[in-house]
Amino acid sequence: MTEDAIVSLVSEHTFGIWFLIGAALVFWMQAGFAMVEAGFTRAKNTGNILMKNLMDFCIGTVVFILIGFSLLLGEDLVGFIGKPGFDIFTAYADFDFSNFVFNLVFCATTATIVSGAMAERTKFLSYCIYSGVISALIYPIEAHWIWGGGWLSQLGFHDFAGSCAIHMVGGISALIGAKILGPRIGKFNRDKSGKVTKVNAFPGHNLPLGCLGCFILWFGWYGFNGAACTSIPQLGSVFLTTTVAPATATVVCMVFTWIKYGKPDVSMCLNASLAGLVAITAPCDVTDCVGALIIGAVAGLLVVFGVWLLDYKLHVDDPVGAVAVHMMNGIWGTIAVGLFATTSAPGNDSVKGLFYGGGFHQLGIQLLGFVTVASWTAITITIAFLIIKATIGLRVSEEEEIVGLDAMEHGIASAYSGFSIMDVSNTMTMDVNENTNLGTESYEDASNAQKDAAVKVVSAVPKDVTGMYKVVIIAKLSRYDKLRKAMNDLGVTGMTVTQVMGCGIQRGAGEKYRGVEMDATLLPKVKVEVIVGNIPVDKVIETAKKTLYTGHIGDGKIFVYDVAKVVKVRTGEEDMQALLDVE
């Protein structure tokens, strides 16, 4: 064997091993997505986020084996689709194992992007279904156009590692899903006409976890972008651009948010790092350092614009910024190939962008690819979401969302039980049975006895009496927003709100974890304290009863205190019996 043949053989085996190491790094990105999504959302949904990131890979693996892989890399049929087949079962000895694993981990990435934008209010079963649809059909078919010998690759469309095929597709799916799903409760304040008057922020509960996820993703991205490289110079160049673009994006984002908001925004800068990585993914092998700098700088601004656009113009609730990071920068990265591709990049001798003397030819092909892949994704994922919504439903109930998906969907008391400030380990649903059901859910149809049984009033004052009274209302968490709005409409604007735990006749509902029943006796409640002056107390009581009523014993309790009597007792002007009379 000649020296050249030996070198060639060693090189082939070396890059074959690196190919699989790169696939393992891409798989490790699932952990990064899980950490980012969990950190940027609320603690009560952490277990649900982790479960979804686990299952989209596992479900994706099953459907990719059955249909996805052959649709992506099967024998090309008229440039549109790979020929379905089952070589993994019928011809395993000759099967391309490495290629399967490599493409599988990329497929799973597409599905997991959607999770973050639809977090905190999506049914787990619905998530499993649409995640499977993305991995089985939507991603493999459009990826065949780009990487499987399909019509876009025949035209010369370039997407080295997936700005278009993966991130843009996942981002578009996330945008459509979040729009159909609707915002989280309390995200937007609206007036009576339905117009949004205020956007509310929901800070993530664990910024260190989100930061760790960001670094894990950046580390895995070296495999994401570099695994398909076939020479050391090309690999080195890809590593350089994969470092320069996100770093520049983060610096630009930090400076911009510092100027715009007066402080450098931590979570936005973390998203900017990911935005720079997404944007450089398509052109990483055909651009130089200058191109990577510009691509990253634009990405750092684009992610801030994207978050603003969704919140203030489109009114789409995206808890983790997945649309701004993946969709907008996936589009930008796809177009950037047509602008910044240069033949000075190692291994690139044909793709030239507009700014490097290539004219509009490559840019036109990139725009065509963007439009067609975006259209395919938008149509197919919309159909999938609408079918799911019409059959099993996409969104959890209001009470499930407020209590948290960990408890309601998975029976997990808390992902942080050992760090609980209060006994959130018992945030379970309430049993509805013959002991609590009053027979009607309509307040108007209920008798006075039923109303009083559902919402008990202690120490009610005579009708139409005004004066200084303290009204204490104990209610379910799920009724708080309605109660707050009802009180505001009545003219009561000052209130003190405390989250408490308690139970009445229902005594809580036992749940099981790993087959073992958990003792659950306390339920999440909210205590609202209102000082009433000019408004008749009976109107406050009646409004509260009507708002809290669901037709079950234990819907709420109302306590009324005469402030003047309480003050006299506390200053020693009356004996203790007076306080007992008030209570």
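This is a predicted model: local features need pLDDT of at least 70, side-chain atom pairs count only at pLDDT 80 or more; totals for chains, interfaces and linings use all residues.
Contact here means heavy atoms within 4.5 Å of each other.

The protein chain holds 20 helices and eleven strands. Of its 583 residues, 52% are buried. If you look at contacts with a separation of 6 or more, 77% of them link residues 24 or more positions apart.

Now zoom in on a pair of helices. Two packed helices are described by the angle between their axes and the distance between the axes. For helix α7 (residues 163–181) and helix α13 (residues 361–391), the axes come within 9 Å and cross at roughly 40 degrees. That angle falls between 35 and 65 degrees, so α7 and α13 count as oblique to each other. Their crossing is right-handed. On the α7 side, the residues making the contact include M168, I172 and I176, while α13 brings in, among others, F370, A374 and F385. Sorted by class, the α7–α13 contact has 13 nonpolar, five polar and one charged residues.

Let's finish with A374, which sits in helix α13. Is A374 buried or exposed? With a relative accessible area of 14%, A374 is under the 20% cut-off and therefore buried. Leaving aside neighbours within four places in sequence, A374 is in contact with M168 and I172, both of which belong to the α7 side of the helix pair. As for I331, 43 residues away along the chain, its C-alpha atom is separated from that of A374 by 9.1 Å.

Terms used
Residues are numbered from 1 along each chain as its sequence is written. Side-chain values use heavy atoms; hydrogens and water are left out. Axes are lines fitted to C-alpha atoms, for helices over the stretch in contact, and angles run from 0 to 180 degrees between N-to-C directions. Helices (H or I, at least four residues) and strands (E, at least two) are DSSP runs, numbered from the N terminus. Angles under 35 degrees count as roughly parallel, over 145 as roughly antiparallel, 65 to 115 as roughly perpendicular and the rest as oblique. A crossing is left-handed if the near helix is turned anticlockwise from the far one by less than a right angle, and right-handed if clockwise. Ala, Val, Leu, Ile, Met, Phe, Trp, Tyr, Cys and Pro count as nonpolar, Asp, Glu, Lys and Arg as charged, and the others, Gly among them, as polar. Buried means under 20% relative accessible area, exposed over 50%, partly exposed in between (1.4 Å probe, protein chains only).
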